[in-house]
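This report concerns a protein in a complex with DNA.

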2 protein chains.
Amino acid sequence: MGRKQAIIQSATRLFAQKGFAETSTAEIAEDAGVAHGTLFYHFKNKRGIIHEIFSMAGEAYLQNLKNVIARKTTGITRIEAIIRFNENFSRDHIQQIRIFQRFFPDPVEVSDPETRLIASLQQQVIGLIEKSLETGLADGSIACKNINETASVIHSLIFGITHMNLTKAINTPQLTEGAIAFCRRALAPGGQDCQTI
Amino acid sequence: MGRKQAIIQSATRLFAQKGFAETSTAEIAEDAGVAHGTLFYHFKNKRGIIHEIFSMAGEAYLQNLKNVIARKTTGITRIEAIIRFNENFSRDHIQQIRIFQRFFPDPVEVSDPETRLIASLQQQVIGLIEKSLETGLADGSIACKNINETASVIHSLIFGITHMNLTKAINTPQLTEGAIAFCRRALAPGGQDCQTI
DNA sequence: AAACTGATTGACAACTCACTCAGTTTCTGA
DNA sequence: TCAGAAACTGAGTGAGTTGTCAATCAGTTT
């Protein structure tokens with residue numbers, strides 16, 4: 001493994017565990033077994049390191065998600081696959097997902113590149129959920145009135161589930177399965193409409 | 001307003017906007033219009049400031065949530081009230097909620113007081129959701145198999161919705177209403193069971 | 001008036017941080 | 001074999017960090 005890869009690996013581990021600001025470049029260098037200066041030969045600055053981690057992980061996430069969706073045919077099974085994929089990806093790339101979830105955009109610095117990257121990623125995921133919902137409407141496996149709204153709700157649910165799984169604040173092992181069952185009921189065709197008791 | 005309150009107010013604003021580590025004590029002092037040393041007269045250290053913000057906000061959240069629930073009678077309207085309360089509270093205490101959402105526990109430092117506080121808070125919220133689900137089962141407004149699991153799912157959904165509203169990553173104004181409709185369908189009694197297409 | 005109180009100040013110590021750079025080692029291909 | 005390029009080193013720099021502390025000050029009590 002090259003030095004650059006070693007640096008990325010160490011940075012990923014440390015950023016995931018302690019956070020970006022709480023991790024020093026000296027710490028990364030020591031963990032990677034390289035001199036401090038080597039970091040700045042391979043990366044413009046500290047932000048450059050996390051930028052590379054972000055874009056690599058984001059690309060991998062989207063690519064794998066698309067593959068998983070393509071393997072399913074009906075709308076409801078695609079939604080199920082999307083939710084289940086999230087848990088699998090979070091397990092296999094726990095550090096990257098932790099870094100993503102740690103990131104919280106500064107509401108005034110909206111032009112920050114990482115903020116834009118995450119926003120774009122989320123928009124694309126929502127787009128994929130929407131397409132799956134449309135598929136479900138067409139094949140009759142899903143009933144849904146407002147596609148964009150429902151997709152955003154499902155995306156929020158996925159985000160929340162991932163957060164709870166990562167922080168282990170909730171002691172619910174089958175959270176993902178519960179979410180799938182929840183979505184299946186909410187999207188089931190033939191179900192009665194919203195009652196207003 | 002006393003100096004201590006001014007410090008808390010400034011710290012709340014800055015922590016919400018930039019994050020804890022990215023905000024210096026000098027910055028807080030300047031914003032609050034007090035000398036740097038005054039911070040450490042009123043608080044043991046920098047963490048002491050955020051600790052006070054955390055516990056005050058957490059207490060206010062729980063207290064208000066309980067009041068809101070108590071005002072509703074049926075199970076499903078209580079669930080609806082819980083979801084809607086979250087949006088109202090987030091709007092009225094946007095900075096505090098932002099600080100909460102920014103916080104991400106270090107997976108190795110599990111005994112961190114803030115980590116414990118958040119975990120306890122979440123456990124209590126889930127407990128309130130569970131009780132509302134039970135009420136719904138009893139009065140027939142809700143159908144639900146696994147109460148704890150469903151409560152955790154709803155809690156995750158609320159967390160995700162709050163996050164999306166705060167980061168405005170999703171451009172869906174009616175996210176909360178969408179979530180309520182989604183939950184109403186998922187919890188509706190008489191709906192058919194999960195299909196396995 | 002003298003003594004005491006808690007609040008406030010700002011200079012300061014001790015330290016950490018990201019980043020630089022002059023110099024060294026390693027690689028590469030002709 | 002060797003010159004030039006690329007990779008690497010680690011001491012050094014200056015800015016910034018949290019937290020300390022002796023001194024001051026406005027009130028209040030004795």
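In this predicted model, domain 1 and domain 2 of chain A bury about 1,100 Å² between them, and carbon and sulfur atoms give 76% of that area. Thr12(A), Ala16(A) and Phe43(A) supply 40% of the area that domain 1 of chain A buries against domain 2 of chain A, more than any other three residues. The domain assignment places domain 1 of chain A at residues 1-43 and domain 2 at 47-187. The contact involves 14 residues from domain 1 of chain A and twelve residues from domain 2 of chain A, while the C-alpha centres of these domains lie 28 Å apart.

Across this interface there is one salt bridge; the side chains of Lys4(A) and Glu52(A) meet in a salt bridge at 3.6 Å, N to O. Three residue pairs are in polar contact across the interface of domain 1 and domain 2 of chain A. On the domain 1 side, helix H1 (residues 3-18) of chain A gives the most, with nine residues. That side has eight nonpolar, three polar and three charged residues.

DNA strand C is surrounded by 14 residues, the closest being Lys46(A), Arg3(B), Thr38(B), Tyr41(B) and His42(B). Of the surface near DNA strand C, H3(B) contributes the largest share, four residues. Phosphate oxygens of DNA strand C take part in the contacts below.

| Residue | Polar atom in the residue | Distance to a phosphate oxygen of DNA strand C |
|---|---|---|
| Thr25(A) | backbone | 2.8 Å |
| Lys46(A) | backbone | 2.7 Å |

Key: Residues are numbered from 1 along each chain as its sequence is written. Chains are lettered from A and ligands numbered from 1 in the order in which they are written. This is a predicted model: local features need pLDDT of at least 70, side-chain atom pairs count only at pLDDT 80 or more; totals for chains, interfaces and linings use all residues. Side-chain values use heavy atoms; hydrogens and water are left out. A residue is near a molecule or strand if one of its heavy atoms lies within 4 Å of it. A polar contact is a pair of N or O atoms within 3.5 Å; within protein, one must be able to donate a hydrogen and the other to accept it, and residues adjacent in sequence count only if both atoms are side-chain atoms. Helices (H or I, at least four residues) and strands (E, at least two) are DSSP runs, numbered from the N terminus. Domain bounds come from an automatic or database domain assignment. Contact means heavy atoms within 4.5 Å. Buried area is the accessible area (1.4 Å probe) that two parts lose on being put together, summed over both. A salt bridge is a side-chain nitrogen of Lys or Arg within 4 Å of a carboxyl oxygen of Asp or Glu. Ala, Val, Leu, Ile, Met, Phe, Trp, Tyr, Cys and Pro count as nonpolar, Asp, Glu, Lys and Arg as charged, and the others, Gly among them, as polar.
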